[in-house]
Amino acid sequence: MTGSASIASGVRPQGWVRSYVGRLKTGDEIARLIALTAASTIIVITVMLVWNLWTVSAPTRLKFGFAFLWTSVWDTNTGQYGALPYIYGTAVTSLVALLIAVPLGVGAAIFLAELAPPRLSDALTFLIELLAAVPSVIFGLIGIFMLVPVLQSSVVPSLKAVFGFLPFFQGSFYGVSIFTASIVLSLMIVPFIISVSREMLLAVPRDLREAALALGSTKWESTWQVVVPFARSGIVGSIFLALARALGETMAVTMVIGNTPNIKATLLGAGYSIAAKIANEFGEARGEVLSGLVELGLVLFALTIVINGAARLLIIMTTAKGTK
Amino acid sequence: MSSKTIRCLLMNTSAIAALACCAPLATAQTVLNGAGASFPTPIYQKWFSDYHKQHPDIEINYQSKGSGAGIASVIDGTVDFGASDGPMSDAQLKTYHDKHGSDVLHFPTVAGADVPAYNIPGVAAGLNFTGEALAGIFLGKITKWNDPELTKANPKIKLPDADIVVVHRSDGSGTTYCWTDFLSKVSPEWKTKVGTNTTVNWPTGLGAPQNNGVAGQIKQTPNSLGYIELIYALNNEIAYGNVKNPAGVFVKPELASVVAAAAGAAKTMPPDFRVSITNSPGKNAYPIATFTWLLVPEEFKDQAKAKIMKDFLHWMLTTGQKEAQTLSYAPLPKEIIATEEKAIAKIK
Amino acid sequence: MLFLTGVCTVIAVSVLFVILGYLFAKGGSSLSLQFFTNLPAPTGETGGGMANAILGSGQVLLLATCIGVPIGFIAGVYLSEYSGAAFASIVRFMTDLLNGVPSIVVGVVAYTLVVLKTGTGPLAGGIALGIMMIPIAVRSTEAFLRAVPTSLREGAMALGANQWKTIGTVVIPAAMRGILSGMMLNLARVAGETAPLLLTAGLSMYWNHGWTQPVATLPVMIYTDAVGPQEDLHRQAWAAGFVLLSLVLLVNVIARTIISRGVHKPR
């Protein structure tokens, strides 16, 4: 390779340039520059995206400040914009979805990691990961045409009969509701919980299991009291990941949530999520309304980032523990 | 899978993909893109389809996404023309003018009826609604089907003791504009509390996108009440009711009553064609009727497109009007057609 | 208790089969030749198909792949082979940020930056979906490249290859299966995205005429047909859903099979 500064020439810049040109000729520098460009493009795209969101949402951000987050009125005719009903709808549907998906998902993950023979476990996990690939709009289809009639005819009446004293199951049920949206969401996020939790459980070192069994615990005891707690932060991380996914879901939710900005305790009533609101009203929104919608989008974005970050942290913590 | 198979797969897929993306570009057609109101979508789709059969080298593509989005698209300049049943406001016209340096023209195409459609198990079509009843229901004050306001207008029908599930639009809608225009006229409370617009702060009810979505929601939800264009109720066998007009008659929404509502407008039509025909005078006029407009820019960048637009508008005002009746839309009164023919010349 | 976990698994797995079965039962009857070759019919008329939507989706996904895969792949190579720790963490942070953008927000940004200049069409839709493809492409490429043992790299360099030759002829081919399947999974995921397309692709009853002309796409057509009351359109939505899901699942199965056939799966 040419380019090492000759002792005779002595002047540094010349030697550096010659070395650089040499590297260019061999193609290494070009390859590195191409790769660097690609990586920088990502930075540029992200910055452009966030900048665009920030500037378009400026009018309402400056007008309402943080009060945007807890105002509950959204009226385009009077120029009043408040995010609370949409934040509420997003949060409640996601949380109830977690309430359904977490026991289901962690339970299945335990089965797949601890109890099932390896080949069966792999095959079943394969199928469950396929569920994660089902497009959102198809979940919406299933929600409208399959879930709503079933809920209306049998599930909700039974729920009301048993749990009707709780504020969550009071009031009339019209098919589309927060409850319906939560169930659809839970089906969408369960594969993520199962897949990641299973990985976390598999990462727990054998010695721990064997030690517990050697001390006389049953299979369940060793699983529930030793293995799961060890993988706990990873499992919680998977829950956060699932939550982040649930927050941003648009199509399936807007098809079954009822698109009504309610803030009520009952799950049987209609609601509205941030993503659904943007999807429905973006077509018409210009000027200040657009600014308000984009600000809603920013709120959702911020929420997702925070939760994703927490998830990653927790998962890293577990994997680090496991490899000690 | 060996690397040879992978390579083979990749090459075949990319070949197919390359073909796929080149194929459409090979056709030599002139395309006009429009978007907007779902209220007239059935007749517009029929018109554009028939026009295409007569002129195979012209495709007029129409996306039904609501009047509000149609107006916004016209102002943005992302479509060649728009459609709306809520006329553009002065502010919107000004925004367009400031952005493009020219104006947008309104061309009424047909008139249609905004009907109160419902799904009450055991109750047939033909319920009578007063303006006050509708306002009360949509304000959330009348909550049960057997409310006195409804039973006194329907003495012979047994209305259930069930909650009324209100369904409205979740997107910007000219159908909403017409409906809220009527409610503002019959209810001072509605006028101050909610107002007239393509999007309003609904006091109650579920939201669904476009006329199609509202119709779908009504059909799926027992004891629901919503507002849709007449053809959506007819096509999908959804029951709809009669509304009391200013003359005190409960009028059935149909071709004849919409024609009656539109007839009076001919005399008071402003030169820019933006007029409201809700609560029209006339014994047989249906009170919740509206014109629907094509929003056409005065200046087209592409001369070929301008020519096609003008030709289509002429076609619409002659052949198109006859087709309107087959889908229960009221054709325009003759005087309005004449004035519009002259207005087409404004398009450059 | 252990039995309960088995029940959970059965429920989770059966959801997939219920969805597939339901789609097939409801939409299978509409899957005629006409579905694949006809254009949509005007409201009220029967005999429409989704030919333009299938092609339109193909167009949009092609552009998305052309944007997402090169940028994501090369950036992944950069992160794995070239970059220093500081810059790498910035790039990774930005990639995570990009990954966290909700799909509807990507659509909003694509509308403001692309549609306002060009109109709706495959260009805007492809850009939106391409942006969504990038973060996953980066992460999976980097992961699979890192999993290639250092000994391979050192061996190549010992034989005199310089850096780019090493990467291009030794490291990348070793990780190729994993990277390829990662890209396929990425494509399958993005194929089902509806929200960004709702705002950027438009809709058309005819064949698409250009990258800046409105185009019909499968997910948007499914949504539009599903929310209306017409039974005929519902059946079309089911059929389209079945086609979309089958394609997505097929790509997933192929991709995962490629991975499991003896590739160093990164852990």
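Visitor: How many bridges join strand S3 of chain B to S12(B)?
Guide: This is a predicted model, and in it three bridges link S3(B), residues 81-84, to S12(B), with the two strands running antiparallel. One residue to look for is B:Ser84, whose bridge partner in S12(B) is B:Trp293.

Visitor: And what about strand S4 of chain B, how does that pair with S12(B)?
Guide: S4(B), residues 104-119, pairs with S12(B) in the antiparallel sense, over nine bridges. There, B:Ala113 has B:Ala289 of S12(B) as its bridge partner.

Visitor: Is S12(B) mostly covered or mostly open?
Guide: Mostly covered: S12(B) spans residues 289-297, and nine of its nine residues are buried.

Visitor: Which residues sit on which side?
Guide: On one side you've got B:Ala289, B:Phe291, B:Trp293, B:Leu295 and B:Pro297. On the other there are B:Thr290, B:Thr292, B:Leu294 and B:Val296. Both faces of S12(B) are covered, and these residues are all buried.

Visitor: New topic. How many residues of chain C are in contact with chain A?
Guide: 65 residues of chain C are in contact with 64 residues of chain A. On chain C's side, helix H1 (residues 2-27) gives the most, with 13 residues. Sorted by class, that side of chain C has 48 nonpolar, 14 polar and three charged residues.

Visitor: So at what angle do H5(A) and H1(C) pack?
Guide: H5(A), residues 84-115, packs with H1(C) at about 110°, and their axes are 7 Å apart. Angles from 65 to 115 degrees count as roughly perpendicular, so H5(A) and H1(C) are roughly perpendicular to each other.

Visitor: Which residues make that contact?
Guide: From H5(A), they include A:Leu104, A:Gly107, A:Ala108 and A:Phe111. From H1(C), C:Leu2, C:Thr5, C:Cys8 and C:Ile11 are among them. The contact has eleven nonpolar, four polar and no charged residues.

Visitor: What about chains B and C? How many residues are in contact there?
Guide: There, 30 residues of chain B are in contact with 29 residues of chain C. The elements of chain B that give two or more residues to that side include helices H1 (3-22) and H2 (41-54), plus strands S1 (30-36) and S2 (58-64). That side of chain B divides into twelve nonpolar, 14 polar and four charged residues.

Visitor: Last one: what domains does chain A have?
Guide: The domain assignment gives domain 1 (4-53) and domain 2 (84-323). Their C-alpha centres lie 45 Å apart.

How values were computed
Residues numbered from 1 in each chain as written. Chains lettered and ligands numbered in written order. Predicted model: local features only at pLDDT ≥ 70, side-chain atom pairs only at ≥ 80, totals over all residues. Contact = placed C-beta atoms within 7 Å. Helix = DSSP H or I, 4+ residues; strand = E, 2+ residues; numbered from the N terminus. Nonpolar A, V, L, I, M, F, W, Y, C, P; charged D, E, K, R; others polar. Axes fitted to C-alpha atoms, helices over the stretch in contact; angles between N-to-C directions. Parallel < 35°, antiparallel > 145°, perpendicular 65-115°, else oblique. Buried ≥ 20, exposed ≤ 12 C-beta atoms within 10 Å, placed from the backbone. Pairing = 2+ DSSP bridges. Domains from an automatic or database assignment.
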